[in-house]
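Subject: Structure for your review

Dear colleague,

Please find the structure below, followed by an account of what was found in it.

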Amino acid sequence: MTSFLDPLISFVSAHAWLAYLTLFLAALLEAVPVVGSVIPGSTIILALSALVPGGELKLQWVLLAAAIGAVLGDGSAYWIGHRQQREILNTWPLTNYPSVVEQSENFFRRFGAWAVFLARFVPPIRAFVPVTAGALGMPPARFYAINIPAILVWAPAHVLPGVLAVSALHEYAGLPHHDHLGKHIWILSVVGGAIILGLTIWFYRRRHGAVVAEAKPRA
């Protein structure tokens, strides 16, 4: 893994604009219905944040790329829902995910406008709430008044942990910047944690689905 990460870090150092583009696309695609349930946008942002303390990436540009991507992603999904209203919720590919669509509707009805803020931090509903907000008739001004502050909290919450963790490893654990060990530890921890979380969710849904199927009466 080290033999893979070292060339990656060197590549980012020489082509930082590609890393910023990746961050932008990760944040944007994570907000797209269905696609956002597959793209590990948060994992990508958390992992690449490790490259800020060493100077490979600049903090302000990382935050800006993530925030702009999220604003455009959420905004696009919202306007699609706003223009097509409830019809969009009964259109492919959303019809392939009825349970998540139902969860997003229930989430929106439970928390009202604040669902737009809270959903930014709750995958996979995050990818469905903006389009649901538009489909259920939330006014544009109200949506953006909540969505933009949510993103301004969400972006630092995904970037700063990596910056602070790697900085602490170098400052207090005595790991030198040039050997990239602190970056390796953080990136591997993020990727490993994402895999474990994903497998846990997959096993839970599979088991829960099996229990529900067994509970249904047979004809």
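Helix α4 covers residues 59-84, 26 residues in total, and reaches 38 Å from its first C-alpha to its last, close to the 38 Å expected at 1.5 Å a residue. Helices here are DSSP runs of H or I with at least four residues, numbered from the N terminus, and the expected span is 1.5 Å times one less than the number of residues.

The model is a predicted one, in which local features need pLDDT of at least 70 and side-chain atom pairs count only at pLDDT 80 or more, while totals for chains, interfaces and linings use all residues. Residues are numbered from 1 along each chain as its sequence is written, and side-chain values use heavy atoms, with hydrogens and water left out.

The buried residues of α4 include Val-62, Gly-69, Asp-74 and Tyr-78; buried means under 20% relative accessible area, exposed over 50% and partly exposed in between, with a 1.4 Å probe and protein chains only. Among the elements that cover the buried residues of α4 are α2 (16-30), α3 (41-48), α7 (129-135) and α8 (140-172). Just after α4, Gln-85 adopts a positive phi of about 55 degrees.

Within α2 lies Leu-25, which counts as partly exposed because its relative accessibility is 36%. The C-alpha atoms of Leu-25 and Gly-41 are 8.2 Å apart, although 16 residues separate the two in sequence.

Helix α8 has 33 residues, which should span 48 Å at 1.5 Å a residue; its end C-alpha atoms are 47 Å apart, which agrees. A kink of about 30 degrees lies at Val-159 in α8, shortly before Pro-161; the bend is the angle between axes fitted to the seven residues ending there and the seven starting there.

A search of the whole structure finds 1 cavity of 30 Å³ or more. On a 1 Å grid over the protein atoms alone, a cavity is a set of points where a 1.4 Å probe fits but cannot get out, and a pocket is an open set with protein on both sides within 12 Å along at least five of seven lines; lining residues have an atom within 4 Å of a point. The largest cavity holds about 40 Å³ of space, and its lining residues include Asp-74, Arg-120, Arg-126 and Asn-147.

The largest pocket has a volume of about 940 Å³. Its lining comprises 30 residues, with Ser-37, Pro-123, Pro-124, Gly-198 and Ile-201 nearest its centre. The largest share of that lining, 10 residues, comes from α9.

Yours sincerely

Terms used:
Helix = DSSP H or I, 4+ residues; strand = E, 2+ residues; numbered from the N terminus. Contact = heavy atoms within 4.5 Å. Points joined across faces, edges and corners; volume = space filled by probe spheres on them.
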